[in-house]
Amino acid sequence: LSNFHLPKKKKNRGGVQRVEGKLRASVERGDYYEAHQMYRTLFFRYMSQSKHAEARELMYNGALLFFSYNQQNSAADLSMLVLETLEKSGANVDDETLEHLAKLFSLMDPNSPERVAFVSRAIKWSSGGSGKLGHPKLHQLLALTLWKEQNYSESRYHFLHSSDGEGCAQMLVEYSSARGFHGEVDMFVAQAVLQFLCLKNKTSALVVFTTYTQKHPSIEKGHPFVQPLLNFLWFLLLAVDGGKLTVFTVLCEQYQPSLKRDPMYNEYLDRIGQLFFGVPPKQSSSYGGLLGNLLNSLMGSGEEEEGEEAQEDSSPIELD
């Protein structure tokens, strides 16, 4: 590595390009191991000089280069170093950086443990120390990649934490058509609407319902719907805007046969009652196991002030 000298001046882009040129030539020759070690050495050298931006650029371009040669392990390692530069430099969360992280994610082997570690760390960094579960824009980009990979359940999770109700609906139409039974078309959107409401995201709840019911080939257009559960959701979304407890209570009673199709519906509605209709929380939680964990996660999240923007509210929700 003796002939890999860092540029002396901080803004000497030509020096960085010369270094990158040597590294690229090494990869193109197939000297993957040596090139990987050179990248790591340069990374630590840059970081010790607090040249975080240069280190990040070098690692990002190096990861893309290794991905293009299908060197997954080396590429994943440099991707993690990109995150390290962000964490240690206190870099601002901006769209370009989120797009870079999503690009690295999209190139990783979907089944690799490195990808799981990378996405977990990227989401944590993107939250900017706010305690929320990641930046909505990053979640949206991750959701789109997972949708392309037909990993619908993971995609749905990330759409829930984005503010992209329309994208979520279009993915759910495809998910329902590809994997669901005909009699479950209403259940796919019901889960999303109720969970968006539990996250205090009224806007996305309405958009996902409207878009899904308009675009799903098996749903007759417009209210009233053939499926009672869809009519319930339509009325619920109206009631949430009005905030009248009597309307909410009668609605839940009238549609109990439909709501009993999934034991989670009434649990979600308990939380929605607290958030939008002033229902006091239950005195003691009798829930146990996974259900209890999920509800505690939902109910412990997002006690923000009422005026806060819905899209900013991406509180934790434990879902599979």
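1. The axes of helix H8 (residues 152-160) and helix H10 (residues 185-198) come within 10 Å of each other and cross at roughly 30 degrees. Angles under 35 degrees count as roughly parallel, so H8 is roughly parallel to H10. The crossing of H8 and H10 is right-handed. Bear in mind that this is a predicted model.

2. Next, the residues at that crossing. H8 brings Arg156, Phe159 and Leu160. H10 meets them with Gln191, Ala192, Gln195 and Phe196.

3. Now the whole chain. Its secondary structure comes to 16 helices and zero strands. The chain has 320 residues, and 49% of them count as buried. Take the contacts between residues at least 6 apart in sequence: 63% of these join residues at least 24 apart.

4. Cysteines deserve a check. A disulfide is a covalent bond between the sulfur atoms of two cysteines. The cut-off used here is a pair of cysteine sulfur atoms within 2.5 Å. By this rule the count comes to zero disulfides. Cys198 is buried, with a relative accessible area of 2%. Cys252 is also buried, at 12%.

5. Most residues other than glycine have a negative phi, and most peptide bonds are trans. The points below take up the exceptions.

6. Asn70 is not a glycine, yet has a positive phi of about 55 degrees. Asn70 lies in the loop between helix H3 (52-68) and helix H4 (72-89). Is Asn70 buried or exposed? The cut-off for exposed is over 50% relative accessible area. At 59% relative accessibility, Asn70 therefore counts as exposed.

7. Lys200 also has a positive phi, about 60 degrees, although it is not a glycine. Lys200 is found in the loop between H10 and H11. Its surroundings call for a separate look. The cut-off for buried is under 20% relative accessible area. Lys200 has 17%, so this lysine is buried.

8. The bond from His223 to Pro224 is cis, with omega near 0 degrees. Where does Pro224 lie? Pro224 is in the loop between helix H11 (202-215) and helix H12 (228-242).

Conventions. Residues numbered from 1 in each chain as written. Predicted model: local features only at pLDDT ≥ 70, side-chain atom pairs only at ≥ 80, totals over all residues. Heavy atoms only, no water. Axes fitted to C-alpha atoms, helices over the stretch in contact; angles between N-to-C directions. Helix = DSSP H or I, 4+ residues; strand = E, 2+ residues; numbered from the N terminus. Parallel < 35°, antiparallel > 145°, perpendicular 65-115°, else oblique. Left-handed = near helix turned anticlockwise from the far one by under 90°. Contact = heavy atoms within 4.5 Å. Buried < 20%, exposed > 50% of the residue type's maximum accessible area, 1.4 Å probe, protein only.
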